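Welcome, and thanks for taking a look at this one with us. Please have the sequence and the fold side by side as you read.

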Amino acid sequence: MPTTVKDMLAAANAAVPRISAEEAKALHAKGEAVFIDLREPPELAASGTVPGALPIPRGLLEFRADPESPERNPAFQKPVVITYCASGGRAALAGKLLQELGYKDVRNLGGFKDWVAAGGEVQKA
C-alpha cells in the first residue's frame, strides 16, 4: 500500500519533538539555535520572519542542509535546529529530513503564527 502525506506527517510528528513558542524564544535569545523558515519567498515578504532565521524553502532544504554541500550555511553548526513554516506540516517533514541528514537536536516550532502569537520579534523579509 502506498504511503500518503497523512502517513508521512504522522511519522514526522512522531520523530520530531514539538517546541513551544516560549521555548523557541528562550533559545533564540540565547543564540543557541538556528531557525529555518521553510516558507516560500512571497510568504516571508507578506509576514516577515524570525530575526536571523535562514529562509530556505522546503524544496531546497536537502541541498542547503547537507553537511557535505558547498551551499551549507555555517549556522547549521549550532546545537539546536528549529524548523517552522505557515502551519507546521512542512516544518515536521523538514525536521525528519534533517534528522536523516544527521542533525541530532531538531525541533518543530510549528507555524510562524505561533511565534507571532507568543510575542516573538518579527523581522521584515
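Predicted model: local features only at pLDDT ≥ 70, side-chain atom pairs only at ≥ 80, totals over all residues.

Residues are numbered from 1 along each chain as its sequence is written, and side-chain values use heavy atoms, with hydrogens and water left out.

**Strand E3**
- Buried here means under 20% relative accessible area, exposed over 50%, and partly exposed in between (1.4 Å probe, protein chains only).
- Val 80, Ile 82 and Tyr 84 are buried on one face of E3, and Val 81, Thr 83 and Cys 85 are buried on the other.
- Strands (E, at least two residues) and helices (H or I, at least four) are DSSP runs, numbered from the N terminus.

**Its partners**
- E3 pairs with strand E1 (residues 33-37) in the parallel sense over 5 bridges; pairing requires at least two DSSP bridges between two strands.
- Within this pairing, Phe 35 stands opposite Ile 82.
- E3 also runs parallel to strand E4 (residues 106-111), joined by 5 bridges, with Gly 111 as the bridge partner of Cys 85.

**Helix H2**
- Glu 23 belongs to helix H2 (residues 21-30) and, at 43% relative accessibility, counts as partly exposed.
- Glu 23 and Leu 109 are 86 residues apart in sequence, with their C-alpha atoms 9.0 Å apart in space.
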